[in-house]
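Subject: Structure for your review

Dear colleague,

Please find below the structure that I am handing over to you.

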Amino acid sequence: MISKILSSAVFGVDAYLVEVEVDIAFGFPQFSTVGLPEGAVKESKERVKAAVKNCGYDFPQKRITVNLAPADIKKEGSAFDLPIAIGILAATGVADTEKLGNYIILGELSLDGRVKAVRGVLPIAICARDSGLKGMIIPKENAEEAAVVNGVEVLAIESLPEVVEFLSGIREIIPTSIDVNQVFNQSREYPIDFQEVKGQEHVKRSLEIAAAGGHNALMIGPPGTGKTMLARRLPTILPDMNLEESLETTKIYSVAGLLPINSALIATRPFRSPHHTISDAGLIGGGAVPKPGEVSLAHNGVLFLDELPEFRKNVLEVMRQPLEDGGVTISRAATSITYPSRFMLVAAMNPCPCGFFGDPHKECSCSPIQIQKYRTKISGPLLDRIDIHIEVPTVKYRELSSETGGEASSTIRERVNRARDIQKRRFHGGRIHSNAQMTPRYVKKFSKPDESGIKLLETAVDRLGLSARAYDRILKVARTIADLEESEEVRSHHIAEGIQYRSLDRNLI
């Protein structure tokens with residue numbers, strides 16, 4: 001006897017249909033799974049056998065063969081437990097097969113027959129809709145995540161008998177439905193705010209410019225000056241996330257298994273802060289079956305690298321492709337997967353090994369050679385991709401003890417949104433979405449300063465010894481400053497402020 005069940009698996013951030021074929025034949029009792037199953041899929045036979053028996057059904061003492069088609073793609077994870085169990089019960093006549101061709105079935109089985117949550121449900125729901133299927137039978141914990149996709153009937157179940165009874169017409173399951181816009185709007189609140197940061201007005205201004213133009217930024221300052229605190233609040237002033245960006249980000253977290261249970265959408269900008277001991281595979285993704293790394297988990301949000309010089313050089317160098325292309329390709333002998341990775345890079349570092357070079361209150365104990373060696377840990381190609389260098393000084397007592405806070409994130413975000421709207425209109429119809437992505441041709445076209453600005457820039461390049469890359473970055477940042485002021489022209493004071501944000505290009509030692 002043979003039965004066919006529709007299921008699905010994830011490849012990268014997209015899903016594809018998997019046909020679970022179960023054949024039960026006479027012969028020595030044996031349970032074999034074919035179709036390139038990984039470890040968790042191979043182990044499913046023990047979970048399926050125990051779950052079927054513990055739910056009161058007879059497990060056939062025959063030769064059972066399970067095929068996962070297409071057979072040339074590796075299958076991983078525990079989501080095939082439920083479709084395999086239903087396939088066995090359908091082949092033995094316990095479960096009705098009439099409805100099986102209309103639904104994708106997913107779920108991990110406990111030994112007592114309970115159905116547990118699985119990952120990758122959102123891209124699978126999109127696959128079900130695009131394939132013209134009626135709906136999905138999935139764990140209750142994943143129901144809201146799948147219900148985000150319109151046009152798919154989402155049937156939430158908690159145990160194996162519920163599925164059998166539904167297929168046999170004994171039980172009716174009410175489809176899960178949610179108001180996507182309502183859920184999206186309710187999930188947009190951030191638990192932190194820029195108002196909580198006292199002092200550091202110059203740094204806040206710098207981060208506002210970075211957010212307005214999508215510029216990567218590097219904060220340089222002694223320990224305890226609030227670099228991490230400021231970086232954690234940067235997502236709160238980034239432009240409001242739209243539904244399309246939310247779905248993109250949610251898909252990545254769903255595939256990685258990091259989407260909170262009973263959470264339908266990620267509607268706030270992600271913030272990822274990996275430790276400096278992270279490997280290159282952890283940062284950009286990898287593994288035998290490639291998984292998304294930190295650069296992809298930061299997609300549409302902020303990747304914060306604290307203590308930047310402490311990261312291994314090979315780890316920092318692998319970021320060059322995702323920073324340039326907005327995506328990262330992980331190649332293996334059998335396959336190649338591309339994950340999206342369009343993020344803002346924000347890094348922090350001390351000015352020297354001891355941390356107090358330039359501090360007015362504590363004396364630096366480092367020699368010039370030590371300082372130079374410490375700073376050269378960051379390669380030129382990586383610095384090329386960082387537009388803004390922000391000096392973060394020690395906060396004064398008067399500012400710390402002040403009862404009044406600074407501007408709220410919502411107020412700053414309004415200005416950032418207006419600046420981004422100007423950039424959308426400027427680059428309408430092109431592949432560029434923010435000032436940070438401008439090519440030299442666009443810089444020449446949109447960032448040409450007025451006459452006094454040209455003279456100021458010439459003086460800065462000559463006297464401060466600024467490099468060609470610094471010249472380009474100053475013009476991009478000046479264009480963003482002008483956008484924040486809603487000025488069509490780039491004026492001299494915009495250039496002057498832009499020059500301030502190139503401290504690592506000057507010969508300070």
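The notes below describe the chain as a whole, then its cores, one lysine and the cysteines.

This is a predicted model, in which local features need pLDDT of at least 70 and side-chain atom pairs count only at pLDDT 80 or more, while totals for chains, interfaces and linings use all residues. Residues are numbered from 1 along each chain as its sequence is written, and side-chain values use heavy atoms, with hydrogens and water left out.

Overall chain

The chain has 22 helices and 18 strands; these are DSSP runs numbered from the N terminus, with helices being H or I of at least four residues and strands being E of at least two. Along the principal axes, its C-alpha atoms fill a box of roughly 90 × 50 × 45 Å. Of its 509 residues, 52% count as buried, that is, under 20% relative accessible area, with exposed meaning over 50% and partly exposed in between (1.4 Å probe, protein chains only). Among contacts (heavy atoms within 4.5 Å) between residues at least 6 apart in sequence, 74% join residues at least 24 apart.

Nonpolar cores

A nonpolar core is a set of buried Ala, Val, Leu, Ile, Met, Phe, Trp, Tyr and Cys residues joined through side-chain atoms within 4.5 Å. The largest one has 41 residues, and those with the most contacts inside it are Val20, Leu82, Ile86 and Ile88. Elements giving two or more residues to this core include strand 2 (14-25) and helix 3 (81-91); helix 3 gives the most, with eight residues. Beyond its neighbours within four places in sequence, Val20 is in contact with residues including Ile5, Val66, Leu68, Phe80 and Ile84. A second, separate core of 34 residues includes Leu259, Ile266, Phe343 and Met349.

A buried lysine

Lys251 lies in helix 10 (residues 243-256). This lysine counts as buried because its relative accessibility is 17%. Not counting residues up to four places away in sequence, Lys251 touches Val13, Asp14, Leu122, Pro123 and Ile126.

Cysteines

A search of the whole structure finds zero disulfides, a disulfide being a pair of cysteine sulfur atoms within 2.5 Å. For Cys352, which is in no disulfide, the nearest cysteine sulfur is that of Cys354, 3.5 Å away. Cys366 is likewise in no disulfide, and its nearest cysteine sulfur, that of Cys354, is 3.6 Å away. Cys352 counts as buried at 0% relative accessibility, and Cys366 counts as buried at 16%.

Yours sincerely
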